[in-house]
Amino acid sequence: MPASYHGGNRHFQDRFDTRRLADRIDQRLVRDTIDDDDRAFIERMDMFFLATADAEGRPNCSYKGGDPGFVRVLDPHTIAFPSYDGNGMYLSMGNVLANPRVGLLFIDFERGKRMRLNGVASIDERDPLLAEYPEAQLVVRVRATEVFPNCPRYIHRLRLLERSRFVPHADCETPIPSWKRRDWSHDVLAADDPANDPDREPIDR
């Protein structure tokens with residue numbers, strides 16, 4: 001049995017007579033390296049979805065956004081991306097410490113293309129790439145175990161209106177989200193949270 005599949009996958013492949021197709025995809029399209037076309041696709045993306053699970057297998061799916069190029073291909077086996085300030089729960093980052101296996105889904109909604117990258121993640125709080133991502137708290141590196149395209153037929157065509165103003169940049173002050181000034185949250189923020197500065201104007205989005 002290919003490493004990509006387990007008994008559950010085989011159950012439905014046999015139920016719907018797709019075992020031969022699944023094996024062909026595994027043989028022809030699934031690989032553990034990132035080629036030049038993959039690199040170009042990944043590094044022009046401004047978002048992706050990250051799937052993680054804790055040590056008990058409880059799943060979490062998270063949206064990650066930034067400027068194009070915020071996910072970097074470091075070599076044919078490794079990508080890296082920053083973890084910015086969020087809601088303080090650290091669901092994805094905490095899961096990586098408990099269970100490093102992750103799945104990333106990249107979708108280009110304008111051109112109708114998507115790609116999956118599964119791998120093993122690691123976090124080094126002193127990663128040298130931190131200095132290259134303004135305001136990043138952590139950098140996650142993922143060593144790819146499976147890289148493959150996904151059928152694009154069900155991708156809805158969408159167009160970008162604007163990128164988030166909250167993505168940090170070195171040359172300007174990052175806005176603070178208004179929810180950090182609300183009654184339920186303002187008194188439990190981290191001591192160094194920029195939202196504690198009364199001179200900073202919050203915005204909704």
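**Reading a predicted model: helix, sheet, cysteines**

Modeller: This model is predicted. Start with helix α2, residues 19–28, where Ala22, Asp23 and Asp26 are buried.

Biologist: How do the buried residues of α2 fall, seen down its axis?

Modeller: First the general idea. An α-helix has 3.6 residues a turn, so residues three or four places apart point the same way. Now this case. The buried residues Ala22, Asp23 and Asp26 of α2 fall within an arc of 95° seen down the axis, so they line one face of the helix.

Biologist: Which residues are exposed on the other side of α2?

Modeller: Arg20, Leu21 and Arg28 are exposed there.

Biologist: What do the buried residues of α2 pack against?

Modeller: They pack against α1, which spans 7–15.

Biologist: On to the sheet. In what order do the seven strands run, and is the pairing parallel or antiparallel?

Modeller: In general, strands of a sheet pair through backbone hydrogen bonds, either parallel or antiparallel. Here the pairing is antiparallel. The seven strands form an open sheet, ordered β2-β1-β5-β6-β7-β4-β3.

Biologist: Which are the edge strands?

Modeller: β2 (59–65) and β3 (72–75) are the edge strands, and each pairs on one side only. From one strand to the next, the twist averages 35°.

Biologist: How many bridges join β3 and β4?

Modeller: Three bridges, in the antiparallel sense, with β4 covering residues 78–83.

Biologist: Which strands does helix α3 touch?

Modeller: Helix α3, residues 36–44, packs on the sheet and touches β3, β4, β5 (101–108), β6 (113–123) and β7 (138–150). Its direction makes about 85° with that of β6.

Biologist: And where does helix α4 lie?

Modeller: Helix α4 is residues 91–98. It lies across β1 (47–53), β2, β4, β5, β6 and β7. It runs at about 45° to β1.

Biologist: Is Cys61 buried or exposed?

Modeller: Exposed means over 50% relative accessible area. Cys61 has 58% relative accessibility, so it counts as exposed. Cys151 has 34%, so it counts as partly exposed.

Conventions. Residues numbered from 1 in each chain as written. Predicted model: local features only at pLDDT ≥ 70, side-chain atom pairs only at ≥ 80, totals over all residues. Heavy atoms only, no water. Buried < 20%, exposed > 50% of the residue type's maximum accessible area, 1.4 Å probe, protein only. Helix = DSSP H or I, 4+ residues; strand = E, 2+ residues; numbered from the N terminus. Arc of directions from axis to C-beta. Contact = heavy atoms within 4.5 Å. Pairing = 2+ DSSP bridges. Axes fitted to C-alpha atoms, helices over the stretch in contact; angles between N-to-C directions.
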